[in-house]
Amino acid sequence: MGLTEAIFKLEENINLKFLDEPIIADATTDIIYMMCPMHLLTIEEKIKEITSGQVLSILTDYDGALEDIPDWCNKTGNEFIGIYEDTDHYKFYIRKLKESK
Amino acid sequence: MKTIYLDHVATNPLHPEVLDAMLPYFKEHYGNPLSVYESGVKAREAIEDARERTASLVNAKAKEIIFTASGAEANNFALKGIAYASQSKGKHIIISKIEHHSILNTARFLEKSGFAVTYLPVDKNGIVNPADVEKAIIKETILISIIHASPEIGTIQPIAEIARIAKQKGVIFHTDAVASVGNIPVDVQSLGVDMLTFAAHQFYGPKGAAALYVKEGIRIVPLIYGGIQEGGRRAGTENVPAIVGMGKAAELTKSDLQKRIDHVKPLRDKLIENTLKIDKVILTGHPENRLPNHASFVVEYIEGEAMMLLLAAKGIYAASGSACSSKALKASPVIISIGIPAHLAQGSVVFTLGEETTDDDINYFNETFPQVIKRLREISPFAKGWEGLEDSTCTARK
C-alpha cells in the first residue's frame, strides 16, 4: 500500500465511530451470515420502513460493512451514528434524515 | 401391458395443471428474476407468488421459505447452516438412526469437522421415544433433527412432542418432512418446529424444486454463497419453472389433500390385509401411525430386488427400500434399526400408492404378489428355513 493510499484509508477509518455501548434503535434488521451486497440492499429496504429522525440498527458480521455502511450514509445523506462491536458481530446505527432518499 | 405404479415415495408424475403453470416460464417469461425488464420482472413476481402458495401449504410465512433444488440440499443446508451458525454455543447435534442419508451423511461429515452427534434408536415400529430425546440433550446441544415420516417404513414420528421438548431446552429443531408433506397435513405452527424440509415432486410437482422452512429470527449460515437470491441465503439463478411448479402443486395439494388421503388409505389397507395373509411376511413400520399411502414388508427367504424384477415383469413398479439395499446390496440401516436381522432385511419391499391408483390395480397386485413370492421361494436356497439362522428370524413378531 502506498503512503497516499494509507493516509486515505486512515482518514476513512476516522469515520468509523465506534460506540462503547449499544443504543436503542427504532428498528433492527439481523443479517448475520449474509454477505455483500445484502447489507446495502437490506438497509435500502428497511430505511423505507422508518420515519425521519428514527434509528435503524443493522446486525452483521460482514467486515466489508465497516467501509460500506458509513459510505452509504454519506452518499444518501443519512446520519451514521456509529458501530458497536458485539462478541461475534457488529451493530451499525443509522439515523434516517429528512432529506434522505 | 398395463403398468401399475406403486412407487410414489420415489417420485410422482407431474400434475397436468402444474405443467401448464410451468410452461410459460420456459417460453415467454424466461428472463432472469434479477433483471429489471419485463420478462425478468414476470419471473420475479412468479417466484414470490409461488413462495406464498408454498408457505401456505405448511402454514408458514412467505419470508420463511427458502427454495432449494432438492430435499437433500435443504437437509444439508439445515444441518450445516445451524451447526456453523450456532457452534459458539455448542457443538452437539441429535438425530435418529432412521434419518434419510442426506441427514445421516451430513451428520457424519459434521462429526469429521469437530461436532459430536448422538444417533437415537427407534422401537420395533420405528418410533423415536421423546424421552430419549430429552435425555440426550446436553448443555452443548445446538440442533435436533428427526425425520417426520420414514419413506422406508412409513412410520410417522411424534414431532410435536419432540419439538416441545426442544423448545423447552432452547434447542433448534428441524424435521425432514419430504415423505410427509403431500401425504398428510403438515402445519409448522401446530408441530412447533423451527425448520422443515419438503420437496415438490412428492406432491405432484416437478423435480428440482424443494424448500427449507426457517422460522423467522433463526440465523443460518448459507450453504451456497454468491448473489442475492433467496435474500442472500441461497445464491444461484433460480429454477423459475420448477419453483412455479412447486407453488402450483402446493396450491393443489392444499385443496385436494383430504380427498387424496380418502382415496389411497382404503386401497392401501386392502393391500396390507391381503399381503399379510402370505406366510412369513411381516409388516414393517407402525401398523396404524403410518403414511396413509404406504405399505412396507419384509418377506422371508427371498430378496427384495428379485421381487422387484419379477413384479416389474408383471407391470408392477415398486421399491425394495433404501439405496443401501437396492444399489449396494447392503442391509438398510432403517430396517436394521427396527430390529430386523440382516439376513431378513434383504427381503424388504415398499409399496406406495397415489391418486391414480385404482381398486383394479390393487386387485391385480393382490393376485400377482403371492405368485411372485411363491415362485421365488421355489428357487430360494433358504426355502426350507434359514439353516442355523432360525434363532435370529423375526417370525415371532407375527
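Guide: Chain B is assigned two domains: domain 1 takes in 4-9 + 256-397, and domain 2 is 16-253 (the bounds come from an automatic or database domain assignment). The model is predicted, with local features needing pLDDT of at least 70 and side-chain atom pairs pLDDT 80 or more, while totals for chains, interfaces and linings use all residues. Residues are numbered from 1 along each chain as its sequence is written, and chains are lettered from A and ligands numbered from 1 in the order in which they are written.

Taken over C-alpha atoms, the centres of domain 1 and domain 2 of chain B are 29 Å apart. Where the two domains of chain B touch, domain 1 puts 22 residues in contact with 23 residues of domain 2 (contact: C-beta atoms, placed from the backbone, within 7 Å). On the domain 1 side of that contact in chain B, the elements giving two or more residues are α8, β10 and α11 (333-337) (helices are DSSP runs of H or I, at least four residues, and strands of E, at least two, numbered from the N terminus). Of these, α11(B) supplies the largest share of the domain 1 side, with 3 residues. By class, the domain 1 side that touches domain 2 of chain B has 8 nonpolar, 12 polar and 2 charged residues (Ala, Val, Leu, Ile, Met, Phe, Trp, Tyr, Cys and Pro are nonpolar, Asp, Glu, Lys and Arg charged, the others, Gly among them, polar).

Three strands of chain B form an open, antiparallel sheet in the order β9-β10-β12 (strands pair if DSSP finds at least two bridges between them). β9 (281-283) and β12 (348-352) of chain B are the edge strands; each has a single partner strand, so one side of each has no neighbour in the sheet. From one strand to the next, the twist averages 30°. β10(B), residues 294-299, pairs with β12(B) over 5 bridges in the antiparallel sense. Within that pairing, Ala295(B) is opposite Phe351(B) of β12(B). Helix α8 of chain B, residues 240-275, lies across β9, β10 and β12, and runs at about 15° to β10(B) (axes are lines fitted to C-alpha atoms, for helices over the stretch in contact, and angles run from 0 to 180 degrees between N-to-C directions).

Next, a helix pair. In chain B, the axes of α3 (residues 71-86) and α4 (residues 101-112) come within 9 Å and cross at roughly 30°. That crossing makes α3(B) roughly parallel to α4(B). α3(B) passes α4(B) in a right-handed crossing. From α3(B), the contact residues include Gly71(B), Asn75(B), Leu79(B) and Ala83(B), and among those they meet in α4(B) are Ile103(B), Thr106(B) and Leu110(B). The residues in this contact of α3(B) with α4(B) are 6 nonpolar, 5 polar and 1 charged.

Between the chains, 9 residues of chain B and 9 residues of chain A make up the contact. The chain B side that touches chain A has 6 nonpolar, 2 polar and 1 charged residues.

Chain A has antiparallel pairing too. β2(A), residues 55-60, is joined to β4(A), residues 90-95, by 6 bridges, and the two run antiparallel. In that pairing Leu56(A) is opposite Ile94(A). β4(A) also pairs with β3(A), residues 79-85, in the antiparallel sense over 6 bridges. Here Glu85(A) is opposite Tyr90(A), and a hairpin of 4 residues joins β3(A) to β4(A).

Notes: Parallel < 35°, antiparallel > 145°, perpendicular 65-115°, else oblique. Left-handed = near helix turned anticlockwise from the far one by under 90°.
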